[in-house]
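Take a look at the sequence and the model below. A short tour follows them.

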Amino acid sequence: MRRILIYYPKNKLGMSDFGEIDYTTIFEQVKNELDGKFPNVGNKVWLQGITSVISNQDCIYDFGYEEIPEELINSTYDCVLLPLANCFHAGWVKYMRARTEHIRKIKIPVYVIACGIQANSYDDVNSLVEEIKAPATEFISAVYATGGEFALRGYCTAEFFEKLGFHDAVVTGCPSLFQMGRGLLISNTKVDREDFRATINGTFKLPIKKSDIDKSDFICQSTYGSLLYNPNHFKENPYTFKRILRDIKRRDYEMTKAIADERIHLFADTQQWMSYFVQNEISFSFGSRIHGTVMPILSGVPSLLYACDARTREMAEFFDIPYILPKKDSKRCDIYDLYCETDYTDFNKKFSEKFDNYEKFLQKCGLVDSINSDNIFMKRDKKDVDFPESLNKEHFEQLSRLLKKQQWIFD
């Protein structure tokens, strides 16, 4: 029986307990635990992917963070699993240096899972190497000195490691996609236009027709947490026509209308998030969020990624997830046409091999004897799941009435 410390806070808005969420009190948690800033629930998908595959009879794992002394870590656990995502960028240097000092005191292997660079494009790798060369080299060296390993998110990050002089890191992709087993397949069969239903994510500034945006639900991961679940959000600032104009200027009309139409959803519970696609018979997902792309895929729904940076692009390329790159002169497309062009042949052909390679990496590290493909955090019957309602529904109805009354201004 191996004992693993997952180096992550025990409770960060339930990010590491994967239990059911009480949406009536969620904003109180956000205020108490996170200073009122709603976290990116996509990180929960990623962390759950790491945790679910090691959840079997061969191991015991605990979540713990800076409150655990290094001496206790060394005497209690067989290894440390350090889940990191966008850890190689200038904004993370302070944390990187702190983690390096911490890791140098650890005498058991440290395994860094799913890490990657943060850069605007692949062209920025060389400048990133120069910018953070010293702290990144020290951090990577400290991990290897424990006998640990790195699992990288994609080949752009592998290039970053190579340029720093580290040639042995393994590219495994993101664990979030492996949590439903090696048999994950996405159908290329298309529904007729009249039966087509899409969701969008990340941004409303996607290269699709405004009429398509008006018909699509928006899956939020953090931005509208307060709007949806803070019961005092509108208490002293009710909707007026002046406020609508201000919101449209700050956001845009499509986004404001989506709020009014109650087409914005945020699921802090991953089971609800996955089930939403099944219960609502969603045909297609399009957007710039990588885990906003992963979640419908895990539900069997084809997704197209709007790859706006190196981080999202390298993950899409590793898994053969269809993607498009932003263009300055991008014309607005018909979202149904994008759906018809989205092809998952390569994804389906290569996924099981990628799953097996990830399993081999975990086996090599002694983290599993075999991956647990029966995700203990997900129900197989996704139709037996209830969805949260916003606590501010009446305010959105008020906004809708005001928009309709002044519609001629926005047409």
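This report goes from a sheet to its helices, and then to a loop residue.

## Basis

This is a predicted model: local features need pLDDT of at least 70, side-chain atom pairs count only at pLDDT 80 or more, and totals for chains, interfaces and linings use all residues. Residues are numbered from 1 along each chain as its sequence is written, and side-chain values use heavy atoms, with hydrogens and water left out.

## The sheet

Six strands make an open sheet. Their order is S10-S9-S8-S11-S12-S13, and the pairing is parallel. Strands here are DSSP runs of E with at least two residues, and helices are runs of H or I with at least four, numbered from the N terminus. Two strands pair if DSSP finds at least two bridges between them. Strands of a sheet pair through backbone hydrogen bonds.

Strand S10 (264–266) and strand S13 (323–324) are the edges; each pairs on one side only. Strand S8 (residues 198–201) pairs with strand S11 (residues 284–287) over four bridges, in the parallel sense. Within this pair, Ala198 has Phe284 of S11 as its bridge partner.

Contact means heavy atoms within 4.5 Å. Axes are lines fitted to C-alpha atoms, for helices over the stretch in contact, and angles run from 0 to 180 degrees between N-to-C directions.

H11 also meets helix H12 (residues 290–298): their axes come within 8 Å and cross at roughly 65°. The two helices are therefore roughly perpendicular to each other (the term covers 65 to 115 degrees). H11 contributes Thr270, Trp273, Met274 and Phe277 to the contact, and H12 contributes His291, Gly292, Met295, Pro296 and Leu298.

## Helix H13

Which residues of H13 are buried? They are Ala310, Arg311, Thr312, Glu314, Met315, Ala316, Phe318 and Phe319. Buried means under 20% relative accessible area, exposed over 50%, and partly exposed in between (1.4 Å probe, protein chains only). Eight of the 10 residues of H13 (residues 310–319) are buried, so the helix is largely enclosed by the rest of the structure. Asp320 follows H13 and has a positive phi, near 60°.

## Glu66

Glu66 sits in the loop between strand S2 (59–64) and helix H3 (70–76). Glu66 counts as exposed because its relative accessibility is 52%. Leaving out residues up to four places away in sequence, Glu66 touches Tyr7 and Arg99.

Conventions: Angles under 35 degrees count as roughly parallel, over 145 as roughly antiparallel, 65 to 115 as roughly perpendicular and the rest as oblique.
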